[in-house]
Amino acid sequence: MSCLKGLLASCLVLASVMSWAKAVPISLDKTKVKLPEETVKEPPQSVDTGLHYDRYLREVIDFLEKDQHFRDKLHNTDMEDIKQGKLAKELDFVSHHVRTKLDELKRQEVSRLRTLIKAKQDIEGGNDIAVDHQALLKQFEYLNHMNPHTFEVEDLDRLIKSATNDLENYDKERHEEFKRYEMMKEHERREHLKTLDEEDRRKEEEHYEDMKKKHADHPKVNHPGSKDQLKEVWEEADGLDPEDFDPKTFFNLHDSNGDGFFDEQELEALFTKELEKIYDPTNEEDDMVEMEEERLRMREHVMNEVDTNKDRLVSLDEFLVATKKKEFLEPDSWETLEQNQAYTDEEMREFEEHLVRQEEDLNQKASDLQKQREDLERQQEQLNAQKIELQQAVEHMERLKTQNVPSPPETHWEGNAVPESLGHDQPSEHQPLPPGHQDIPPEQQHHDVPPNKQDLGQEHKNIPQENQPLPPGHNSPPQDSPKMPLDHNNVP
């Protein structure tokens, strides 16, 4: 089971590094950072690996360890065989009880993933959209989503490969992330210099060079995993006589959980004394983020040299074999980070160009958002103006109703006909009047009118209206009688 333990131990290291990265943000004051020296020596058993399927991975490994047949097959299995799927095939021979429990674990995990998918959908506001769980489960490669009920050989194979893959990708991503951190730090330094005048820029450059020299001025760093490095731990950390150094005793002293292996976290704890020679959190020139990168570089180096079966663990046998090699007794000098710049000049140039493009994209997006905002404000103004006009119209109608003002009579014309009196027969304002119809001065308008003509308006009131009975002798002519045209010239 050493290989699976190594896998889980690697996950624990991943969680430890992720926790440290979260605890030490780049913008944090380095002088106030508390180093995780003490916690590293005794890895907590409940540490989360950082993988989203951490619990599922742990429970599967725990139950497989309970099967004797599976344990026996693992005794001489190396990590390469596990990666190729040879171990997963042994699942067919485990006990019925273990298989039943693995089936239950898988059903619980599938149910958990479906719950997560549903919760994500609810958050995004897609309650009315049908969920294709099978399609969404494809993104979780560590189990066979097509069979959600039973734990099969393919499930174990997927789980091991996914965990191994995630860890290997993590190491690559960690190096890239540190490189970006270093380039950003240099970029910000250069940008700060641009804001200074010539004198201040000169002082800042001198201060920067002084800090680099102070950081590089430290005691010699022993080669990680060498006899000199381990004897220093034996003497200073363990308080033992360096003349009595014994590799086997040393291994047992620092195998914190007593499982017969050095995992990656236990190895990293051995490098604390070396790192203290280079980094001090109270010094301005020392960067604690760089210290953690140095620690991980040391661990990776020892693993590459000592972990011969590549199971991410160092067994006692592997350790004892390594102590007999020339590299252990007469190692090369160790080059620290300040001697190995994390990036090249070309990478720095590309990084800054990328930052320029990012800034341009952000400015363009900001400009587009500002235009959208202005358009929305104009639309809002138009809507407000329309709202005011509508309110005024409603208020006007309400006032008319309150005052009981009758509406003006409507004139209905048949078809499109317009009375001739409204057309061409009406003299225009400046058209000359016919003879005898010249304008009468206002002072003569009422003096020359005969009395009987003045009463004409009053007499018109006595003219019978249509359908009223006429006085005797004024009966209407028969309808069939021809109508004679009225000669206005003969009317007295």
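The model is predicted: local features need pLDDT of at least 70, side-chain atom pairs count only at pLDDT 80 or more, and totals for chains, interfaces and linings use all residues. Residues are numbered from 1 along each chain as its sequence is written, and side-chain values use heavy atoms, with hydrogens and water left out.

Start with the rings. A search of the whole structure finds ten aromatic pairs. Rings of Phe, Tyr and Trp (its six-membered ring) pair if their centres lie within 6.5 Å; planes under 30 degrees apart are stacked, over 60 edge-to-face, and the rest tilted. Take Phe245 and Phe250. Their ring centres are 5.9 Å apart and their planes meet at 55°, so this pair is tilted. Phe245 has 14% relative accessibility and counts as buried. Buried means under 20% relative accessible area, exposed over 50%, and partly exposed in between (1.4 Å probe, protein chains only). Phe250 is buried too, at 0%.

Now turn to Phe251 and Phe319. Their ring centres lie 5.5 Å apart with planes at 45°, so this pair is also tilted. Phe251 belongs to helix 11 (residues 247-254) and Phe319 to helix 15 (residues 316-322), so the pair ties together parts 68 residues apart in sequence. Helices (H or I, at least four residues) and strands (E, at least two) are DSSP runs, numbered from the N terminus. Both Phe251 and Phe319 are buried.

These residues belong together. Trp234, Phe245, Phe250, Phe251, Phe262 and Phe319 form one aromatic cluster.

Charges come next. The charged end of Lys66 sits over the ring of Phe63, 4.2 Å from its centre. Arg189 places its charged end over the ring of Tyr208, 4.0 Å from the ring centre. Here "over" requires NZ of Lys or CZ of Arg within 6 Å of the ring centre and within 35 degrees of the ring normal.
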